[in-house]
Amino acid sequence: ARTEYLDEAPRRTPLDLAAVLARTVDGVLPLADAKGVRVVVDGVGRCPAVGDPDLLERVVENLLDNAIRHTPAGGTVRVGCTVAAGVE
C-alpha cells in the first residue's frame, strides 16, 4: 500500500473523473480477465470534478478490485459517472 499521501494534504485539482475511471479500469482489466469478469464503463463523456487525482484513482481502484473479487465468474462490474443537473 502506498502511504506517501497520509502525511500530505490532498490536492484540489480540477479534473475529469471520467478520465480517472478510464485509467483505473485499464489497470484492473488483467484481474478482471483472470477472474472471468467483465468491466463495463457507463456514462461516456466528461465528468468534471475537483479533487486529488491520485487519491481518487486509489479509491476507484480499491472499489473496482473489491467488486471484481466478489463478482462470480461470468458476471459484470459496471462503473461510470454522471454530472448532476445544474452542475457544470
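Mentor: Let us begin with Ala 22, which is partly exposed, with a relative accessible area of 36%. Ala 22 belongs to helix H1. Please keep in mind throughout that this is a predicted model.

Trainee: How far apart in space are Ala 22 and Gly 80, C-alpha to C-alpha?

Mentor: Along the sequence, 58 residues separate Ala 22 from Gly 80. In space, C-alpha to C-alpha, the distance between Ala 22 and Gly 80 is 9.1 Å.

Trainee: Is Ala 18 buried or exposed?

Mentor: Ala 18 is located in helix H1, which covers residues 17-35. Beyond four places in sequence, Ala 18 touches Gly 45, Cys 47 and Cys 81. The cut-off for burial is under 20% relative accessible area. Because the relative accessible area of Ala 18 is 17%, the residue is classed as buried.

Trainee: Which residues does Thr 24 contact, leaving aside its neighbours within four places in sequence?

Mentor: Thr 24 is also part of helix H1. Its relative accessibility is 4%, so Thr 24 counts as buried. Outside its sequence neighbours, the contacts of Thr 24 are Glu 57, Val 60, Glu 61 and Leu 64.

Trainee: What distance separates the C-alpha atoms of Val 25 and Val 41?

Mentor: Val 25 lies in helix H1 and is buried, because its relative accessible area is 6%. Not counting residues up to four places away, Val 25 touches Val 39, Val 41, Leu 64 and Val 79. Although Val 25 and Val 41 are 16 residues apart along the chain, their C-alpha atoms are separated by 8.1 Å.

Trainee: Against which elements do the buried residues of H1 pack?

Mentor: The buried residues of H1 are Ala 18, Val 20, Leu 21, Thr 24, Val 25, Val 28 and Ala 32. In an α-helix, residues three or four places apart point the same way, because there are 3.6 residues a turn. The buried residues of H1 pack against strand S1 (13-16), strand S2 (38-42), H2 and S4.

Trainee: Which residues have the most contacts inside the largest nonpolar core?

Mentor: The largest nonpolar core has 14 residues. H1, H2 and strand S4 (76-80) are the elements that give two or more residues to this core, and the largest share, five residues, comes from H1. The residues with the most contacts inside the core are Leu 64 and Ile 68.

Trainee: Does Thr 71 count as buried or exposed?

Mentor: Thr 71 is in the loop between H2 and S4. Leaving aside neighbours within four places, Thr 71 contacts Lys 35, Val 37, Thr 76 and Val 77. Because its relative accessibility is 14%, Thr 71 counts as buried.

**The chain as a whole**

Trainee: What pattern does the protein chain follow along the sequence?

Mentor: The secondary structure comes to two helices and four strands. Among contacts between residues at least 6 apart in sequence, 91% join residues at least 24 apart. Read along the sequence, the pattern is β-α-β-β-α-β.

Trainee: Which element has the highest mean pLDDT?

Mentor: The protein chain averages a pLDDT of 87, and 86% of the residues score at least 70. Where pLDDT is low, the predicted coordinates should not be read in detail. Among the elements, strand S3 (residues 48-51) has the lowest mean, 90. The highest mean, 95, belongs to helix H2 (residues 53-69).

Conventions. Residues numbered from 1 in each chain as written. Predicted model: local features only at pLDDT ≥ 70, side-chain atom pairs only at ≥ 80, totals over all residues. Heavy atoms only, no water. Buried < 20%, exposed > 50% of the residue type's maximum accessible area, 1.4 Å probe, protein only. Contact = heavy atoms within 4.5 Å. pLDDT = per-residue confidence, 0-100. Core = buried A, V, L, I, M, F, W, Y, C linked by side-chain atoms within 4.5 Å.
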